Amino acid sequence: MADLQIPEDFCHNDVKPKGKTSHADGENFHYIWGEGRTDGAAFSNDDVKAAYEERGEEQVPLGIHGTTVAVDWDSCVAAGSCMSVCPVQTFQWFRTEQDIPAADCMDATFEGTGLTEQDERLDYTDKSQPIREHDCTVCMACQEICPEGAIRIESANQEWHEKAAGTYVIMKSGSENPHAHD
């Protein structure tokens, strides 16, 4: 397993997402965290750089997409191995649904109809999008197989997703000691 590129606390405390990508079902979405970085593997990968050049697109920092299933798009080199091992098709190639620059995914809505097989990417500018983050079973297979360590699975981050969404509720006990018996 490659070293994880996403810091453990990337979404904790007072960190605010910079945007989100919505699922067309109107219920599910994933946040985009951080301004991104140019020292991720995608910026030094020859296949990725050549694909951006061929498209005439500028390669820009893209940040971390997702919270409980987080993908560092600046480290993702479109290997697709995450898709080949995911038992619930959490990921899709974003370009196979909407062939737009990755930077334009910010605040976009996707139907979830993009291709989900390892070798179905349009080219190496494509990114693994956690479009069905809400379906993840936390098997960790994608995190373990990612050649660049671009995926971090952490179900406890659901709290930070809910806090950012304003839906977080603390469930309090009705007594001072919730384990006490009358």
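This is a predicted model: local features need pLDDT of at least 70, side-chain atom pairs count only at pLDDT 80 or more; totals for chains, interfaces and linings use all residues.

Visitor: Got it. So how do the residues lining the largest cavity divide by class?

Guide: That lining has 10 nonpolar, 4 polar and 1 charged.

Visitor: And which residues lie nearest the centre of the largest cavity?

Guide: Cys76, Ala79, Gly80, Cys82 and Cys146 lie nearest the centre, out of 15 lining residues. The volume of this cavity is about 100 Å³.

Visitor: How many cavities of 30 Å³ or more are there?

Guide: The count is 2. The second largest cavity holds about 80 Å³ of space. Its lining is made of 13 residues, and Cys86, Thr90, Cys136, Cys139 and Cys142 are the ones nearest its centre.

Visitor: What classes do the lining residues of the second largest cavity fall into?

Guide: There are 11 nonpolar and 2 polar residues, with no charged ones.

Visitor: OK, pockets now. Which residues line the largest pocket?

Guide: The lining consists of Glu27, Asn28, Phe29, Thr68, Ile131, Glu133, His134, Cys136, Val138, Ser155, Gln158 and His161. By class, that makes 4 nonpolar, 6 polar and 2 charged. The space in this pocket comes to about 250 Å³.

Visitor: Nice. Let's switch to charges. How many salt bridges are in the whole structure?

Guide: A search of the whole structure gives 9. As background, side chains of opposite charge can pair when their charged atoms come close.

Visitor: Which residue does Asp99 form a salt bridge with?

Guide: Asp99 pairs with Arg55, and their closest N and O atoms are 3.1 Å apart. Asp99 sits in the loop between strand S5 (92-93) and S6, while Arg55 belongs to helix H1, so this pair ties together parts that are 44 residues apart in sequence. Asp99 is partly exposed at 46% relative accessible area, and Arg55 is partly exposed too, at 27%.

Visitor: What about Arg55 and Asp123, how far apart are their closest N and O atoms?

Guide: Those atoms are 2.6 Å apart, and the two residues form a salt bridge. This pair links distant parts of the chain, with Arg55 in helix H1 and Asp123 in the loop between S6 and S7, 68 residues apart. Asp123 has 18% relative accessibility, so it counts as buried. Through shared partners, salt bridges join Arg55, Glu57, Arg95, Asp99 and Asp123 into one network.

Visitor: And Asp39, which side chain does it meet in a salt bridge?

Guide: Asp39 meets Arg37, at 2.8 Å from N to O. Asp39 counts as exposed because its relative accessibility is 59%. Arg37 is partly exposed, with a relative accessible area of 22%.

Visitor: I'm curious about Arg121. Is it buried or exposed?

Guide: Arg121 is buried, yet it has no salt bridge. The nearest side chain of opposite charge is Asp119, at 4.2 Å. A salt bridge requires a distance within 4 Å.

Visitor: So what does the side chain of Arg121 reach at 2.9 Å?

Guide: The backbone oxygen of Ala78 is at that distance. The Arg121 side chain also makes a polar contact with the side chain of Tyr124, at 2.9 Å. As for its place, Arg121 lies in the loop between strand S6 (109-110) and strand S7 (128-129).

Visitor: Tyr124, hmm. How far is its C-alpha from that of Asn45?

Guide: The two C-alpha atoms are separated by 9.5 Å, although the residues are 79 apart along the chain. Asn45 is in the loop between S2 and H1, and its side chain reaches the backbone nitrogen of Asp47 at 2.9 Å.

Visitor: Last one: where does Ser44 lie?

Guide: Ser44 is in the loop between strand S2 (29-33) and helix H1 (46-55). With 52% relative accessibility, Ser44 counts as exposed.

Technical notes
Residues are numbered from 1 along each chain as its sequence is written. Side-chain values use heavy atoms; hydrogens and water are left out. On a 1 Å grid over the protein atoms alone, a cavity is a set of points where a 1.4 Å probe fits but cannot get out, and a pocket is an open set with protein on both sides within 12 Å along at least five of seven lines; lining residues have an atom within 4 Å of a point. Grid points are joined across faces, edges and corners, and a volume is the space filled by probe spheres set on the points. Ala, Val, Leu, Ile, Met, Phe, Trp, Tyr, Cys and Pro count as nonpolar, Asp, Glu, Lys and Arg as charged, and the others, Gly among them, as polar. Helices (H or I, at least four residues) and strands (E, at least two) are DSSP runs, numbered from the N terminus. Buried means under 20% relative accessible area, exposed over 50%, partly exposed in between (1.4 Å probe, protein chains only). Lys and Arg count as positive and Asp and Glu as negative; His and the chain ends are not counted. A polar contact is a pair of N or O atoms within 3.5 Å; within protein, one must be able to donate a hydrogen and the other to accept it, and residues adjacent in sequence count only if both atoms are side-chain atoms.
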